[in-house]
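Visitor: Hi, I've just opened this one and I'm new to it. Can you walk me through it?

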Amino acid sequence: MHERKRVLVTGGAGFLGSFLCERLLADGHEVLCVDNYFTGSRENIAHLLDDRNFEVLRHDVTFPLYVEVDEIYNLACPASPIHYQFDPVQTVKTSVHGAINVLGLAKRTKAKVFQASTSEVYGNPSIHPQPESYWGNVNPTGPRACYDEGKRCAETLFFDYHRQYGVRIRVARIFNTYGPRMHPNDGRVVSNFIVQALRNEPVTIYGEGTQTRSFCYVDDLIEGFVRLMKADDDVTGPINFGNPGEFTVRELAEMVIEMTGSRSRIEFKALPQDDPLQRKPDITKARENLGWHPTIPLAEGLEKTIAFFEKRLRDMR
């Protein structure tokens, strides 16, 4: 028999959070979506508001939250350089204070708690692809450190609460993910390229375009989240989630221009400081522990994402 749970999703009105809320409701759970709307949007969850099992609370996770829940997914944190560098001190607080607050809540309620970590904990990696055993190559004082080191500290807190208090934890390291509901101005490569191509503007590549990324469609990622949360308690993570298919940034740009029928040309600009040159997950642990691997090819996912942005840009006119 299906067990209905009360599930808290912090950052639930964001790109990933809204898809997770949707999935949890479809699985029959009660969902409390918490968001301060810094990068999240009411528009992302508008279609869920009439569901009697869905509740929304405007709240900042840097402050404690007193609710009764069975599971917690902590997704609250701006995740693109444009947004997390806007207020770097607040970004660190969101990762660190946010982790302390959700872990304290999990300790009190005996809830299972999930941390949305990031491939950025690996920094500019000297190992390729990146396994979970790799400790990373991160600049602790650079402009990306507020996000990279904030997430690394959050992982530390999760494992310390697990060891010291027996809190049941799950830690997922998320590689580049894309899909509908991405913010059009988040500065990420997929949304940037699609928006520029649809507007027939120059498609901007930073560096020579030879740096590589691995792109995972959002539905595949959410499936991984759910499987990790359902796993036995000895499967704490960290576990990489991403698509091991590797593309250069230039290949992605050319693919987007072709799929949109754009008249855009490619324009090259200087590479930002500490931007990783290679990013590809080793997903052996996800395969072995969860039976998980991505199933949606890049072309199929891009088609759905482009359709979303076409409508979004029409509605903005």
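Visitor: Which residues line the second largest pocket?

Guide: Keep in mind that this is a predicted model. The lining of that pocket is made up of Val 121, Tyr 122, Glu 132, Tyr 134, Trp 135, Arg 152, Glu 155, Thr 156, Phe 159, Arg 173 and Pro 238.

Visitor: What volume does the second largest pocket have?

Guide: About 210 Å³.

Visitor: And which helix gives the largest share of the lining?

Guide: That's α5, residues 145-165, which supplies four residues to the second largest pocket.

Visitor: How does the lining of the second largest pocket split by class?

Guide: There are six nonpolar residues, four charged ones and one polar one.

Visitor: Okay, backbone angles then. What is the phi of Lys 110?

Guide: Lys 110 has a positive phi, about 60 degrees, even though it isn't a glycine. Most residues other than glycine have a negative phi. You'll find Lys 110 in the loop between α4 and β5.

Visitor: What lines the largest cavity?

Guide: Its lining consists of Leu 8, Thr 10, His 59, Val 61, Phe 63, Pro 64, Leu 65, Asn 101, Val 102 and Leu 105. The elements giving two or more residues to that lining are β1 (6-10) and α4 (88-109), and α4 gives the most, with three.

Visitor: And how many charged residues are in the lining of the largest cavity?

Guide: None: seven are nonpolar and three are polar.

Visitor: Let's do helix packing. At what angle do α8 and α10 pack?

Guide: Helix α8 (residues 249-260) and helix α10 (residues 298-316) pack at about 55 degrees, and their axes are 11 Å apart. That makes the two helices, α8 and α10, oblique to each other. Their crossing is right-handed.

Visitor: Which residues make the contact?

Guide: On the α8 side they are Leu 252, Met 255, Val 256, Met 259 and Thr 260, and on the α10 side Leu 298, Ala 299, Leu 302, Glu 303 and Ile 306. By class, that contact of α8 with α10 has eight nonpolar, one polar and one charged residues.

Visitor: What about α6 and α10, how do their axes cross?

Guide: Helix α6 (residues 189-198) crosses α10 at roughly 55 degrees, with the axes coming within 10 Å. So α6 and α10 are oblique to each other, and the crossing is right-handed.

Visitor: Which residues of α6 and α10 make that contact?

Guide: From α6 come Val 190, Ser 191, Ile 194, Val 195 and Leu 198, while α10 brings Leu 302, Thr 305, Ile 306, Phe 309, Glu 310 and Leu 313. The contact of α6 with α10 has eight nonpolar, two polar and one charged residues.

Notes:
Residues numbered from 1 in each chain as written. Predicted model: local features only at pLDDT ≥ 70, side-chain atom pairs only at ≥ 80, totals over all residues. Heavy atoms only, no water. 1 Å grid on protein atoms, 1.4 Å probe; cavity = no way out; pocket = protein on both sides within 12 Å on 5 of 7 lines; lining within 4 Å. Nonpolar A, V, L, I, M, F, W, Y, C, P; charged D, E, K, R; others polar. Points joined across faces, edges and corners; volume = space filled by probe spheres on them. Axes fitted to C-alpha atoms, helices over the stretch in contact; angles between N-to-C directions. Parallel < 35°, antiparallel > 145°, perpendicular 65-115°, else oblique. Left-handed = near helix turned anticlockwise from the far one by under 90°. Contact = heavy atoms within 4.5 Å.
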